[in-house]
Amino acid sequence: MVREKDVCWEYAEKLDGNKVKCKFCLRVLNGGISRLKHHLSRLPSKGVNPCSKVRDDVTDRVRAIISSKEDGKETSNAKKQRLVAEAKSPGNYSALKALVSVETPSPIAKVFPSITHMGPSSSNDAENAERSIALFFFENKLDFSIARSSSYQLMIEAVSKCGHGFRGPSAEILKTTWLERIKSEVSLQSRDIEKEWATTGCTIIADTWTDNKSRALINFLVSSPSRTFFHKSVDASSYFKNTKCLADLFDSVIQDLGPENVVQIIMDSTLNYTGVASHILQNYGTVFVSPCASQCLNLILEDFCKIDWVNRCILQAQTISKFIYNNASMLDLMKKSTGGQDLIRTGITKSVSNFLSLQSMLKQRSRLKHMFNSSEYSTSSYSNKPQNISCIAILEDNDFWRAVDECVAISEPFLKGLREVSGGKPAVGSIYELMTRAKESIRTYYIMDESKCKAFLDIVDGRWRNQLHSPLHAAAAFLNPSIQYNPEIKFLGAIKEDFFKVLEKLLPTSDMRRDITNQILLFTRATGMFGCNLAREARDTVSPGLWWEQFGDSAPVLQRVSIRILSQVCSTSTFERHWNTFQQIHSEKRNKIDKETLNDLVYINYNLKLARQTKMKSSEADPLQYDDIDMTSEWVEETENPSPTQWLDRFGSALDGSDLNTRQFNAAIFGSSDTIFGL
């Protein structure tokens with residue numbers, strides 16, 4: 001049979017009745033070799049389901065065959081142009097009919113042939129382009145938030161400049177040529193940053209995640225004033241509780257970066273902190289091991305939430321938010337009352353979400369009351385629901401609003417501190433003062449209520465003494481000009497001993513410390529360049545590390561030490577992690593090639609995100625808050641007897657995408673087991 005000479009028959013088995021069987025997925029197809037080609041090409045066409053098991057090289061080959069076949073059909077363009085000319089003649093309807101019949105279907109018509117094709121028109125070009133992009137997102141299960149990426153629009157602009165006929169790179173080209181090229185570009189940026197380490201030093205950040213299956217992944221990042229870089233991800237599941245193995249792992253990372261460059265290592269409490277820290281301190285005399293400041297501050301806020309009256313206040317506020325966010329009409333009415341603003345906030349942790357949402361609710365207090373008292377609400381069906389009575393009672397309860405006001409006042413200094421240390425900038429010189437001011441704000445607020453004052457201060461002091469306090473934080477505060485020269489600061493005497501201990505560690509020999517006492521006096525007394533007008537004016541406006549670089553020349557040894565100390569971060573929080581990606585890197589089901597490819601992809605992806613975050617530092621974006629509302633949080637989710645379709649009601653008019661949390665939507669629909677990057 002002539003048709004069986006087609007090269008694609010090697011990928012199929014011919015069956016009776018014009019049927020073929022795919023050799024990759026074993027699916028039986030009606031329609032012969034043509035439908036098999038579209039099955040193997042994985043192109044959205046002819047209503048054929050794409051093959052899930054075909055190799056990439058086969059897909060590329062079949063697509064090339066289909067493309068060459070389509071190119072051969074382009075000779076019909078001459079006939080088409082003749083028909084256009086004839087169609088322009090008055091009354092020549094037969095030619096016009098022929099012209100319409102040879103029109104190329106739009107992208108949407110290829111996938112959904114039943115949808116009527118809109119005629120060719122330049123005014124529809126933009127709409128057709130958007131439709132094609134939307135199809136690409138839907139078919140490939142892409143998170144809608146990708147459209148916010150800066151590289152998304154850059155890609156579209158670059159493609160538009162290529163003109164008609166441009167074909168995107170194949171899967172194989174992306175996986176090989178472009179992966180290697182982009183990784184090299186990212187690595188070059190990393191090497192440029194490494195040059196500053198000789199002056200500023202760097203901090204190793206160990207970001208850890210564990211699950212209920214005892215899997216333990218550790219991401220190693222390297223931070224310096226210019227930016228933070230992702231170094232590598234390690235699966236430490238088999239030795240997570242083994243101090244020696246963990247210590248050897250940290251040894252290898254320190255050696256990768258150069259012990260002379262490492263000033264500090266930050267690790268969270270999930271690691272065997274004491275054992276690993278002891279090993280590092282014993283083997284590396286000039287390296288400090290510090291706790292994560294953002295984790296400690298979050299634990300303080302978490303402990304605040306456990307206080308009975310605070311917890312009761314949060315639950316009452318959640319009663320109102322759940323009633324609103326689980327009903328589309330209520331949500332629309334709330335948005336109308338608040339000028340389009342959301343009532344709740346989604347923070348980087350549960351406790352942060354609680355206090356940010358209380359803060360938002362307090363700002364919207366009068367509008368909320370007005371909404372529940374409006375005629376529009378009272379005539380709606382929701383005014384007769386049982387939850388209505390509870391919500392109105394809470395809104396009219398002055399004790400509730402006093403509790404909200406207290407929660408906001410007490411939490412705000414700690415949220416401010418969390419913003420300061422979570423932005424990825426050197427903040428080691430600020431944490432001591434931030435904690436001191438936060439404690440003072442509690443004493444001031446509860447000056448007439450000793451019992452509440454003690455309850456909150458005991459929480460703060462317990463976390464500060466047992467987890468957060470570090471000699472490096474104290475030394476950084478002492479060297480920070482905005483603290484050293486501030487007459488209102490009273491704690492300098494208390495941190496002086498820690499400052500001297502840090503100096504002895506960083507300057508271990510008497511030769512290195514020869515003139516250090518005189519240089520300390522020059523600094524503390526603001527003598528010489530330390531006291532010039534420029535230096536005085538810059539104390540509160542320039543970062544401490546840069547201030548020392550500009551005005552510390554008269555104390556060269558102290559200048560070098562100060563720059564290295566004040567150039568460090570004090571938190572592991574840099575940006576939202578995507579642990580699914582890292583889980584897939586370390587999957588035992590992956591072969592060596594797939595793991596290497598995915599490792600490279602994660603290296604590129606993580607570093608591109610960190611680079612974008614660095615560029616956005618000057619923006620007004622809150623590092624503690626996500627753009628989208630978490631529709632599964634305790635501020636929204638109804639836990640008792642939920643309706644099977646209740647989740648759909650939440651979206652209402654928000655299905656335009658502006659209020660939909662795509663992170664949660666994507667996870668709910670596609671699941672955590674879906675493959676990443678198609679590997």
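pLDDT is the predictor's confidence in each residue, on a scale from 0 to 100. The structure described here is a predicted model, and the mean pLDDT of the protein is 81. Of its residues, 79% reach a pLDDT of 70 or more. In residues 106-121, by contrast, the pLDDT is below 50. This stretch has 18 contacts in the model beyond near neighbours in sequence. A further segment, residues 641-679, has a pLDDT that stays under 50. For residues 641-679 the model has 63 contacts beyond four places in sequence.

Helix α25 spans residues 516-524, and its buried residues are Ile516, Gln519, Ile520 and Phe523. Viewed down the axis of α25, these buried residues fall within an arc of 105 degrees, so they line one face of the helix. The elements against which the buried residues of α25 pack are α22 (471-479), α23 (481-484), α24 (492-506), α27 (544-551) and α28 (556-566). Just after α25, Ala526 adopts a positive phi of about 55 degrees.

On the surface, a nonpolar patch is formed by Met155, Val159 and Phe166. Together, the three residues Met155, Val159 and Phe166 have about 270 Å² of accessible area. Met155 is located in helix α7, which comprises residues 150-161. The relative accessible area of Met155 is 47%. Met155 is therefore partly exposed, as this class lies between the limits of 20% for buried and 50% for exposed residues.

Note on methods. Residues numbered from 1 in each chain as written. Predicted model: local features only at pLDDT ≥ 70, side-chain atom pairs only at ≥ 80, totals over all residues. Heavy atoms only, no water. Buried < 20%, exposed > 50% of the residue type's maximum accessible area, 1.4 Å probe, protein only. Helix = DSSP H or I, 4+ residues; strand = E, 2+ residues; numbered from the N terminus. Arc of directions from axis to C-beta. Contact = heavy atoms within 4.5 Å. Patch = residues over 30% accessible without salt bridge, like charges linked within 9 Å, V, L, I, M, F, W, Y side chains within 5 Å. Areas by Shrake-Rupley, 256 points an atom, 1.4 Å probe, with all protein chains shown as cover. Salt bridge = Lys/Arg side-chain N within 4 Å of Asp/Glu carboxyl O.
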